[in-house]
Amino acid sequence: MTDDDVRLHILRELIASGTAPCVADTGAALDVPESDAAAAYDRLAANRVIVLEPGTHDVLMAAPLSAVPTSHIARMADGRSHYGNCVWDALGVIAMLGQDGGVETVCTDCDAPLTLTVRRGALAPTDAVVHFAVPAARWWENIVFT
Amino acid sequence: MLLFRSEEHVNRWCEQRGLDRGAVFTPEQLWTVAKPWHGRRLDRGWKRFTPAEAEAVFAGAGLTDTFWHL
């Protein structure tokens, strides 16, 4: 088992079920002891590949997917939907899955519904704008806020 | 990273919270970044971008000022 096996298992389970696997399930799926799976989760988190709930092995983020509901939903052409950690990540879900799709979210200021639509690899025109409050070099000081 | 209906809504939201305005750009630029950033995540052997690679992705979307330096 490599850390990449674990990373891919987490992503594939999130895509398939919407739920991130716990270390016990990952260990069983990859035929390794739970402690080895837990150590892989720790390394992936240390390397900023996944984000865990503090003090646990519960996956919070496995970019571009969120393991918890958010207000940034990637709704795919195949009828399935997935939570992104932010609009960037929700667009990333569409890129990762290689399908047409749309990101359904809301205006941060006024809660008006906003949709970004991707068809045949192109983003449909929109009047919406993106705002980054935190410079790139500081994103990982608090990735959940970023 | 947040989405707004317009720059007017960005400015109002920042003012109400006493926050400095950060970087404002278009969803098209964000899509240009999101494709290389996330598009190969399901590939075996995927690796996070190095800072130089990440800055090149930002630059490909026209995001080149110091806000985007790593």
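**Note on the contact between chains A and B**

1. The contact between the two chains draws 37 residues from chain A and 35 residues from chain B; two residues are in contact if their C-beta atoms, placed from the backbone, lie within 7 Å. This is a predicted model, in which local features need pLDDT of at least 70 and side-chain atom pairs count only at pLDDT 80 or more, while totals for chains, interfaces and linings use all residues. Residues are numbered from 1 along each chain as its sequence is written, and chains are lettered from A and ligands numbered from 1 in the order in which they are written.

2. On the side of chain A that touches chain B, α1 (3-17), α4 (87-97), β7 (113-119) and β9 (129-132) of chain A each supply at least two residues. The most come from α4(A), with seven residues. Helices (H or I, at least four residues) and strands (E, at least two) are DSSP runs, numbered from the N terminus.

3. Strand pairing also links the chains: β9(A) and β1 (residues 2-4) of chain B are antiparallel over three bridges. Two strands pair if DSSP finds at least two bridges between them. Within this pairing, A:Val129 has B:Phe4 as its bridge partner.

4. The segment after β9 of chain A contains A:Ala136. Beyond its neighbours within four places in sequence, A:Ala136 is in contact with B:Phe67, B:Trp68, B:His69 and B:Leu70. A:Ala136 counts as partly exposed because it has 19 C-beta neighbours inside 10 Å; a residue is buried with 20 or more other C-beta atoms within 10 Å of its own, exposed with 12 or fewer, and partly exposed in between, the C-beta atoms being placed from the backbone.

5. The largest nonpolar core has 49 residues, of which A:Ala62, A:Val87 and A:Leu91 touch the most other members. Such a core is a set of buried Ala, Val, Leu, Ile, Met, Phe, Trp, Tyr and Cys residues joined through C-beta atoms within 7 Å. The elements giving two or more residues to this core include β1 and α2 (27-38) of chain B, and α4(A) gives the most, with nine residues. Leaving aside neighbours within four places in sequence, A:Leu91 is in contact with A:Val103, A:Leu116, B:Leu30, B:Trp31 and B:Ala34.

6. Chain A also has an open sheet of five strands, with antiparallel pairing in the order β5-β4-β6-β7-β8. β5 (81-83) and β8 (122-123) of chain A are at the edges with a single partner strand each, so one side of each has no neighbour in the sheet. Strand β4 (residues 73-76) of chain A is joined to β5(A) by three bridges, and A:Arg75 stands opposite A:Ser81 in β5(A).
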